Amino acid sequence: MPEKKSTVKICAGRACSGRFSDFVAERAEQEITSKNLDVKIERCACQGLCDRGPIVILDGETKTYVDPVEMGKLLKKFPEKK
Ligand code: FES
């Protein structure tokens, strides 16, 4: 299987987990799988932005306060693969 082009990192640190980053990761997983997006999910350690979590890093770009709905919106920029 070819390597995915883009990466979405979702903080798994304590503060972000307390702000339900697991649900954000779940949403990302659903979106990526159902639309076959060219995006790989990784969990990452605390990014030092705990008061602005959940933190998501999309291809190196840090996003703050990402809830599952926002996660879905962020992934819309990637084209669906048939
Ligand atoms: S726990 Fe996510 S930024 Fe600190």
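**The nonpolar core and its surroundings**

Modeller: The largest nonpolar core comprises 15 residues, and those with the most contacts inside it are Val8, Ile10, Val24, Ala28, Val56 and Met71. At least two residues of this core come from each of S1, helix H2 (21-35), S3 and helix H3 (68-74). The model discussed here is a predicted one. As a general matter, nonpolar side chains in soluble globular proteins tend to be buried together.

Leaving aside residues up to four places away in sequence, valine 8 touches Ala28, Val39, Ile41, Val56 and Leu58. Two of these partners, Ala28 and Val56, are also listed with valine 8 among the core residues with the most contacts. In the sheet, valine 8 stands opposite leucine 58 in S3. The strands concerned, S1 (residues 6-11) and S3 (residues 56-58), pair in the antiparallel sense over three bridges.

On the S2 side, the pairing has another sense: S1 and S2 run parallel and are joined by six bridges. Here isoleucine 10, another of the core residues with the most contacts, stands opposite arginine 43 in S2.

These pairings belong to an open sheet of four strands in the order S2-S1-S3-S4, with mixed pairing. Strand S2 (39-44) and strand S4 (61-63) are the edge strands, each pairing on one side only. From one strand to the next, the twist averages 25°.

Around the sheet, the whole protein contains three helices and four strands. Read from the N terminus, its elements follow the order β-α-α-β-β-β-α. The radius of gyration is 12 Å, close to the 12 Å that the globule rule gives for 82 residues, so the protein is as compact as a globular protein of that length. Its C-alpha trace spans about 40 × 20 × 15 Å along the principal axes. Buried residues make up 28% of the 82 residues. Of the contacts with a separation of 6 or more, 71% are between residues 24 or more positions apart.

Arginine 14 lies in helix H1 (residues 14-18). This arginine counts as exposed because it has 11 C-beta neighbours inside 10 Å, where the limit for exposure is 12 or fewer. The C-alpha atoms of arginine 14 and cysteine 46 are separated by 7.5 Å, although the two residues are 32 residues apart along the chain.

Most residues other than glycine have a negative phi, and most peptide bonds are trans. Phenylalanine 20, in the loop between H1 and H2, has a positive phi of about 65° although it is not a glycine. With 14 other C-beta atoms within 10 Å, phenylalanine 20 is partly exposed. Aspartate 59, in the loop between S3 and S4, likewise has a positive phi, of about 45°. Aspartate 59 counts as exposed, with 12 C-beta neighbours inside 10 Å. Finally, the peptide bond from glycine 53 to proline 54 is cis, with omega near -5°, and proline 54 is found in the loop between S2 and S3.

Key
Residues are numbered from 1 along each chain as its sequence is written. This is a predicted model: local features need pLDDT of at least 70, side-chain atom pairs count only at pLDDT 80 or more; totals for chains, interfaces and linings use all residues. Two strands pair if DSSP finds at least two bridges between them. Axes are lines fitted to C-alpha atoms, for helices over the stretch in contact, and angles run from 0 to 180 degrees between N-to-C directions. A nonpolar core is a set of buried Ala, Val, Leu, Ile, Met, Phe, Trp, Tyr and Cys residues joined through C-beta atoms within 7 Å. A residue is buried if 20 or more other C-beta atoms lie within 10 Å of its own, exposed if 12 or fewer, and partly exposed in between; C-beta atoms are placed from the backbone. Two residues are in contact if their C-beta atoms, placed from the backbone, lie within 7 Å. The radius of gyration is taken over C-alpha atoms; the globule rule is 2.2 Å times the number of residues to the power 0.38.
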